[in-house]
Structure formats: structure tokens, C-alpha cells
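Thanks for coming, everyone. I'll keep this short. Please look at the screen.

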Amino acid sequence: MPKEENDESMADLTPAATKSLNDSADNGYKPLFPRFFLQQQAIPAKLKGALLTAARAFAPISNANLAEQVWKFLENSKLLADIPKDGSNSMPIDIRYQLAEVEARAEEYSSTLAFLHLLNRLLMSSQSFHTMLHSYVRFVRESVLATPTSRCYKTKEQKWDLARERECVCVFINNM
């Protein structure tokens, strides 16, 4: 995936794109639904990352209302599924599974990196924080931040991109 500075969304760059996204609010933000729904499907990690990057376009820093809608979709999508409390060892198919089983095996973390980009954008865009925020922060601290040196990376650049995004989330949260 391109670096952050080259990864600006269309909504950040053109008024027409922002208007189009605002108009989608009248349609219940239908364009957002597949971007989150497909995260639970058996599709390649790079595609999941691209879908999350596209979802990020719906949360321009300058528009808290759009960011709020993206938060709602993120929370409803169960991107971070509840862990069963019945003592079973089954791991839900969510972003934790994607990171631990799919991306770690492939040594390529496009989905996790895109999720961190989206989370950072939402944290910068929103005027309020949501019920799932603590779960996302726990995921970043325990699953992403805690084990970067134990993972293999196809490219060193991606390792440092992940480190930078993790740090942004943690600094933002620590300053709340």
C-alpha cells in the first residue's frame, strides 16, 4: 500500500467527492456497507485493506458527521468480534484472526495497516468516542503493538509503516 502522504482519499481532495459522500447519507451510506461486510468474507487480505482504505474516504478530517457514520458502520460490522466467554478456544473470524493467521503467515499486513489508518482518521475526525473504542485500543496494544518484532515482514517499509500508525493511535489515546 502507498505511504500515508500519498494515500489521501478522494474525499479529502475534491469538493465533488465530499458532496457525493454527503449525498450518500440520504441513502443510508449504502456505499459503506460492502466495505465493512466483506471484511468477514474469505477474500484476500490486500482486498480487505483496499476496502478499509476506501471506507476511510468517508471520514474526512473536516467532517465530523461523516466520521460518526463510519464509526457506526465500524461498530456494527463486528470487525472486532466478541470473544466467546464459554471457555471455547474458537477464534472469531475478525481482524485479530486476519492479523494472527492470514497476514502473519503471508508476512504482509495490508489489512491491519489499513485498519490503523482508518482508526487514526476516525480518532482525528470524531468529536465523540464510541463504545468500541476501548476494544480497538486493546487490539492495537495487545495484537499489533505487543508483537512487532516477533513477526516477519516481506518489506521493512511495511514494518515501519505499522509502527508509525500504532504509535499515532497510542499517542492519541494517551492524550485523551
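Predicted model: local features only at pLDDT ≥ 70, side-chain atom pairs only at ≥ 80, totals over all residues.

Helices first. Two packed helices are described by the angle between their axes and the distance between those axes. Take α6, residues 95-106, and α8, residues 133-145. Their axes come within 11 Å of each other. The crossing angle is roughly 5°. Angles under 35 degrees count as roughly parallel, and α6 and α8 are therefore roughly parallel to each other.

Which residues meet there? From α6, we have I95, R96 and L99. From α8, we have F139, S143 and V144. Sort that contact by class and you get four nonpolar residues, one polar and one charged.

Now the rings. How many aromatic pairs are there? The count comes to five. One of them is Y109 with Y153. The ring centres sit 4.9 Å apart, with 50° between the planes. That makes the pair tilted. Where do the two tyrosines lie? Y109 is in the loop between α6 and α7, and Y153 is in the loop between α8 and α9. So the pair ties together parts that are 44 residues apart in sequence. Buried or exposed? Y109 is buried, and Y153 is buried too.

Next, a cluster. W71, F115, Y136 and F139 form one aromatic cluster.

Last, a charge over a ring. K159 lies over the face of W160. The distance to the ring centre is 5.5 Å.

That's my tour. Over to you.

Technical notes. Residues numbered from 1 in each chain as written. Heavy atoms only, no water. Axes fitted to C-alpha atoms, helices over the stretch in contact; angles between N-to-C directions. Helix = DSSP H or I, 4+ residues; strand = E, 2+ residues; numbered from the N terminus. Parallel < 35°, antiparallel > 145°, perpendicular 65-115°, else oblique. Contact = heavy atoms within 4.5 Å. Nonpolar A, V, L, I, M, F, W, Y, C, P; charged D, E, K, R; others polar. Phe/Tyr/Trp six-rings, centres within 6.5 Å; stacked < 30°, edge-to-face > 60°. Buried < 20%, exposed > 50% of the residue type's maximum accessible area, 1.4 Å probe, protein only. Lys NZ or Arg CZ within 6 Å of the ring centre and 35° of its normal.
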